[in-house]
Amino acid sequence: MKSRHILLAGAVALALSACGNSSAPADSAAPADAAPAAEAPAAAPVEAAPAEAAPAAASTKPAVVENCATTIESNDAMQYNADSITVPASCTQFTINLKHVGTMAANVMGHNVVIAKEADMAGIAADGASNAAEHVKEGDARSIAHTKVIGGGESASVTFDVAKIKDGGYKFFCSFPGHLALMQGSIQVQ
Ligand code: ZN
């Protein structure tokens, strides 16, 4: 807050001095940003910090989370309607409800939600190909949690202990053959 006042004061001073000389007032806009930063170097990092933090948490389609649960939609175009799930740290357990809003059958355009470390995604999908009902190999410990595979008009849910993903680096994805590339997102506890 303090730095803003310094910046503002600098800008005002520059603006005032700009009025005093003959150059066009429009030219004063650009120098006004640079000059105060040079006068007060400490102000620059303070201003920059929030702007840098934003992209790290950036998501174009964050899932809506309520009461330690979220509903993700999937469709015939091999898409989820969310690319990020943020689980509140206050939740002990978390539920993901998956809906297939398309019309194609589970054996053609099946979807599930699997939660695993990012490095384990491809292996889980590859090994799960033989288990058509879930597309996760039975007893695969790399899967933190997963729903069954559903087709158009169907839905499925899975509930898991939030403690299992607190160390970070987890993703949610569809392990149906060929879907991983398009159907995945980050899941983090915050
Ligand atoms: Zn899928």
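Q: What makes the disulfide of Cys-68 and Cys-91 left-handed?
A: The torsion about the S-S bond of Cys-68 and Cys-91 is about -90°, so the disulfide is left-handed. This is a predicted model, in which local features need pLDDT of at least 70 and side-chain atom pairs count only at pLDDT 80 or more, while totals for chains, interfaces and linings use all residues. Residues are numbered from 1 along each chain as its sequence is written, and side-chain values use heavy atoms, with hydrogens and water left out.

Q: Why is the pair Cys-68 and Cys-91 called a disulfide?
A: A disulfide is a pair of cysteine sulfur atoms within 2.5 Å. The S to S distance between Cys-68 and Cys-91 is 2.0 Å, and the structure holds one disulfide. The pair links distant parts of the chain, 23 residues apart: Cys-68 lies in the loop between strand E1 (65–66) and strand E2 (69–74), and Cys-91 in the loop between E3 and E4. Strands (E, at least two residues) and helices (H or I, at least four) are DSSP runs, numbered from the N terminus.

Q: Why is Cys-91 called buried?
A: Buried means under 20% relative accessible area, exposed over 50%, and partly exposed in between (1.4 Å probe, protein chains only). Cys-91 has 4% relative accessibility, so Cys-91 counts as buried. Cys-68, with a relative accessible area of 25%, is partly exposed.

Q: What makes Gly-110, His-111, Cys-174 and His-179 donors of the zinc ion?
A: Donors are N, O and S atoms within 2.8 Å of the metal (3.2 Å for Na, K and Ca); water is not among the atoms, so sites may look incomplete. Gly-110 (O), His-111 (ND1), Cys-174 (SG) and His-179 (ND1) lie 2.1 to 2.8 Å from the zinc ion. His-111 lies in the loop between helix H4 (106–109) and strand E5 (114–117), and Cys-174 in the loop between E8 and strand E9 (184–189), so the pair ties together parts that are 63 residues apart in sequence. Both are buried: His-111 has a relative accessible area of 0%, and Cys-174 has 0% relative accessibility.

Q: Why is the site of the zinc ion called irregular?
A: Four donors count as tetrahedral if all angles lie between 85 and 135 degrees; four count as square planar and six as octahedral if opposite donors are over 155 degrees apart and all others between 65 and 115; anything else is irregular. The angles among the four donor atoms of the zinc ion are 75 to 132°, and the site is irregular.
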